[in-house]
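Look over the model below.

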Amino acid sequence: MDYKIFLKNNTLKIFLIFLILLSYYRSPFIFTNGRFFSLDFVYHMISVDLSFFDSLTYVDLNARYFNLISNVSSLLSSRLLELEYAQYVSVYLSFSLYLIIFYLILFKNSYLFTKDYQKFLGALIVLVSPVMNFEIWLNAINLQVYFGILTLVILFLKDENKNVLFYFILIFVSGLSGIYACIFTPLFFLKFINKKNNFNLICFLIIFSCTLLQLFIIYSSLKFLALGEKNTALVLAFNTYEAISYTYNIIIRSFFASTLPVYLAGLLEIDLYEVFNNENLRNILFSFSLLIIAALISFFIFCVISIKDIKDKIVCITLLVLFFTISFVVTIGGVSDTLHGRYSALTGIILIFSFLHLSRVSSIIFIKKFSIILMILTITLGIFDFRHKKYIEYLDCIDCPNWSDEVKKYKLDNNYRMNVWPYHNGR
């Protein structure tokens, strides 16, 4: 084996070990004790009373889509483990997906991660960037975000001739675990049209079939809820709060995290509550947000025009199409006007990856340097927020209920409502 290839492979393996250790550092308690998060516990308890098939095909009508990976997590935790240990399933199922993403970025040939530094930064960004917040950390209910990232990585892979079944299964599970992966369907079709082979064809057919099923489930759920006289309308308006929230949570936080803007607001003695409750100040912030969005669009159009290599140009256009398409989906599909947490994660990652791509392909020195500076900011500030004290109660068990004690109380009285960290009584 060539010495350079040997050195490269071993460097990548060492970096993968570093990512694993860094993941553990973020929340040792979760890795060693497990945790149910958000609806994971609710779905676990529902699965207990359902048959195998009903548990696997369960659809939460309030969510309005099918989440296969969440069902699999609930099925495994309710069938294979006692309640005292069931919380480990969602944690390690989630971490397994992290490892797959890291592996594909670091060790596979890609149109997006072509240089070694892009591989290192790409994998690190998935772990530490500010948009990958505590809400989507090691829980099955939000794995749909990571399946969106996984689908993005697979989309840009160069044609694979080995272990293709592995990729087909990943795309299948991704498409049936939320709507994020389904958004990639037209791009898989264009990839097949551009390079006709069995691998690209099967990838497209799988994601297309999953998308049709998800659309049918969404339509049926909306129709069923409408019969129950529940409001099922999708709001297409981009209102003041959404514009401000979009600009802050997706554009600003992707690179500057939340700690720095909040610190600057405190330093300048800006009362954010007062700003949002003052119509004139809110309108100014709204106008400023629209200006930032318009500037970002103009900047990317200029960048695309400046890229000389046609393949690099196509990659950039693909990232931008995904960025604005997913932005549209989360804006109309969010349950509130606040586009934070899981709603900003995938969109933010694609935005960061766009600048990572520009750092290599742009023919303009300023854009290259500007992109590199943004990469440094997102990783540095992301690491700063990685275990920030503001969010530590979601990563470490601080004054949280003892899970074993909660299980004992539940077994003595099945009507007892167990406290699940971090959403337990008194917080």
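## Two packed helices

Helix 8 (residues 143–155) packs with helix 9 (residues 164–175) at an angle of about 140°, and their axes are 9 Å apart. Axes are lines fitted to C-alpha atoms, for helices over the stretch in contact, and angles run from 0 to 180 degrees between N-to-C directions. Helices are DSSP runs (H or I, at least four residues), numbered from the N terminus. Helix 8 and helix 9 are therefore oblique to each other. Angles under 35 degrees count as roughly parallel, over 145 as roughly antiparallel, 65 to 115 as roughly perpendicular and the rest as oblique.

Which residues make the contact of helix 8 and helix 9? Helix 8 brings Phe147, Leu150, Thr151 and Ile154, while helix 9 brings Tyr167, Leu170, Ile171, Val173 and Ser174. Contact means heavy atoms within 4.5 Å. Of the residues in this contact, seven are nonpolar, two are polar and none is charged. Ala, Val, Leu, Ile, Met, Phe, Trp, Tyr, Cys and Pro count as nonpolar, Asp, Glu, Lys and Arg as charged, and the others, Gly among them, as polar.

## About the model

The model is predicted: local features need pLDDT of at least 70, side-chain atom pairs count only at pLDDT 80 or more, and totals for chains, interfaces and linings use all residues. Residues are numbered from 1 along each chain as its sequence is written, and side-chain values use heavy atoms, with hydrogens and water left out.

## Helix lengths and cover

Helix 17 (residues 342–361) has 20 residues, so at 1.5 Å a residue it should span 28 Å; its end C-alpha atoms are 30 Å apart, which agrees. The expected span is 1.5 Å times one less than the number of residues. Helix 17 is mostly covered, with 18 of its 20 residues buried. Buried means under 20% relative accessible area, exposed over 50%, partly exposed in between (1.4 Å probe, protein chains only).

Helix 7 (residues 116–128) has 13 residues and should span 18 Å at 1.5 Å a residue; its end C-alpha atoms are 18 Å apart, which agrees. Its buried residues include Gln118, Lys119 and Gly122.

Phenylalanine 199 is in helix 11 (residues 198–227). Its relative accessibility is 6%, so phenylalanine 199 counts as buried. Beyond four places away in sequence, phenylalanine 199 touches Glu160, Val164, Tyr167 and Phe168.

Alanine 243 lies in helix 12 (residues 240–256). Alanine 243 counts as buried because its relative accessibility is 0%. Alanine 243 and leucine 339 are 96 residues apart along the chain, yet 9.2 Å separates their C-alpha atoms.
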